[in-house]
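Biologist: I'm new to this one. Can you show me the structure and walk me through it?
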Amino acid sequence: AIITPTAEARLMRSDADRERERGRLEKELAAADAALRSAEARLADPNFTSRAPNNVVEQARARADELRNHADALRARLAGSGEGA
């Protein structure tokens, strides 16, 4: 919505647009969840954490955190996608 002192304009999305967006978000969430599971499995492997250089392990932990945050944000958007336009 754009509101000015003299006018108000709202762009309404169709149900089809909302469904396409929801499908896209669900697909992106599935990919993020798969990547997060992979990153967590790697970090749970004692061979990786004990043999890899510390900076590599820290990068893997940071990546897992990024993926977790991204997946949480996608879940929040999906939860809100059923509301309004």
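Modeller: Below we go through one alanine and then some charged pairs.

Modeller: This is a predicted model, where local features need pLDDT of at least 70, side-chain atom pairs count only at pLDDT 80 or more, and totals for chains, interfaces and linings use all residues. Residues are numbered from 1 along each chain as its sequence is written, and side-chain values use heavy atoms, leaving out hydrogens and water.

Biologist: Where is Ala32 found?

Modeller: Ala32 sits in helix 1, residues 15–44. Helices here are DSSP runs of H or I, at least four residues, numbered from the N terminus.

Biologist: Is Ala32 buried or exposed?

Modeller: Buried, with 4% relative accessibility. Buried means under 20% relative accessible area, exposed means over 50%, and partly exposed is in between, using a 1.4 Å probe and protein chains only.

Biologist: And what does Ala32 touch?

Modeller: Leu67, His70, Ala71 and Leu74, leaving aside residues up to four places away in sequence. Contact means heavy atoms within 4.5 Å.

Biologist: New topic. How many salt bridges?

Modeller: The count is 12. A salt bridge needs a side-chain nitrogen of Lys or Arg within 4 Å of a carboxyl oxygen of Asp or Glu.

Biologist: Why would side chains pair at all?

Modeller: Side chains of opposite charge can pair when their charged atoms come close.

Biologist: Which residue does Arg20 form a salt bridge with?

Modeller: Asp17, and the closest N and O atoms are 2.3 Å apart. Both residues lie in helix 1, 3 residues apart, about one turn of the helix. Arg20 is exposed at 54%, while Asp17 is partly exposed at 32%.

Biologist: What about Arg68 and Glu40?

Modeller: Their side chains meet in a salt bridge, 2.9 Å from N to O. Arg68 is in helix 3 (residues 54–80) and Glu40 is in helix 1, so the pair ties together parts 28 residues apart in sequence. Arg68 is partly exposed at 31%. Glu40 is partly exposed too, at 35%.

Biologist: And how do Arg68 and Asp65 meet?

Modeller: In a salt bridge, 2.8 Å from N to O. Arg68 and Asp65 are 3 residues apart in helix 3, about one helical turn. Asp65 is partly exposed at 40%.

Biologist: Last one. Which residues are linked in a network of salt bridges?

Modeller: Glu21, Arg24, Glu28 and Arg77 are linked that way.

Technical notes: Helix = DSSP H or I, 4+ residues; strand = E, 2+ residues; numbered from the N terminus.
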